[in-house]
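My notes follow the order in which I looked things up.

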Amino acid sequence: MEEWNGKALARADLATGVVIAALGLAVVVISAGMPTFVERNVNPLTAPGIFPAVIGAALLLCGAILTIRSARKHGVEGEARTASAGAGRIATTLVLLLIAVALVGRIDFRLVSGGFTLAFAAFFLDWRVAGQALSRKLLAVAFIVLITGLLIPALFETVFLVRLP
């Protein structure tokens, strides 16, 4: 069973790395097509595509590293069970994302981001522990929900000057 879990994690890392790298590449390409406002004699570093391009490049790099590490460590062979388990996790993530996107603008963004993080943790964390280990997990989840619910929106509004819905 331990060997199967290692292969399953390797396949999940491989698929996740490919998706993240593709998303990062798409963001970089789309950002490159954004206007630069050169005709207005504006500093090129103030172009609206700079920040998304940096984020896209970071995603591309992280996805590539995850893909390469997974392929080197465990190879790319897999089983049908791994694919179906991965498909279920992807479907759950997509449903959570769609719910979160549907709620943006309808309720406060802090509640949406914190709620998404809480739901994600509830679905994907291994809760089969007891005692002090469980309380530590709950405390860690509460801390992360607090960060995503309060600090990330504050960061976007104060540092990036992006008003969130």
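Is Asp 108 buried, partly exposed or exposed? I found Asp 108 partly exposed, at 36% relative accessibility. The classes are buried under 20% relative accessible area, exposed over 50%, and partly exposed in between, with a 1.4 Å probe and protein chains only.

I noted the ground rules next. The model is predicted, so local features need pLDDT of at least 70 and side-chain atom pairs pLDDT 80 or more, while totals for chains, interfaces and linings use all residues. Residues are numbered from 1 along each chain as its sequence is written, and side-chain values use heavy atoms, leaving out hydrogens and water.

**Entry: salt bridges.** I counted 3 salt bridges, each a side-chain nitrogen of Lys or Arg within 4 Å of a carboxyl oxygen of Asp or Glu. Asp 108 pairs with Arg 110, with the closest N and O atoms 3.8 Å apart. Arg 110 also pairs with Glu 157, at 3.1 Å. Glu 157 sits in helix 5 and Arg 110 in helix 4, so this pair ties together parts 47 residues apart in sequence. I therefore logged Asp 108, Arg 110 and Glu 157 as a network of salt bridges. Arg 110 is partly exposed at 28%, and Glu 157 is partly exposed at 27%.

Arg 69 pairs with Asp 13, at 3.3 Å between the closest N and O atoms. The two are 56 residues apart, Arg 69 in helix 2 (residues 50–74) and Asp 13 in helix 1 (residues 2–32). Arg 69 has 47% relative accessibility; Asp 13 has 26%.

**Entry: fold.** I read 5 helices and 0 strands. Helices are DSSP runs of H or I with at least four residues, strands are E runs of at least two, and numbering starts at the N terminus. Buried residues make up 18% of the 165 in the chain.

**Entry: aromatic rings.** I found 1 aromatic pair. The ring centres of Phe 116 and Phe 120 are 5.9 Å apart and the planes are at 35°, so the pair is tilted. The rule takes Phe, Tyr and Trp (its six-membered ring) with centres within 6.5 Å; planes under 30 degrees apart are stacked, over 60 edge-to-face, the rest tilted. Both residues lie in helix 4 (residues 109–124), 4 residues apart, about one helical turn. Phe 116 is partly exposed at 23%, and Phe 120 at 33%.
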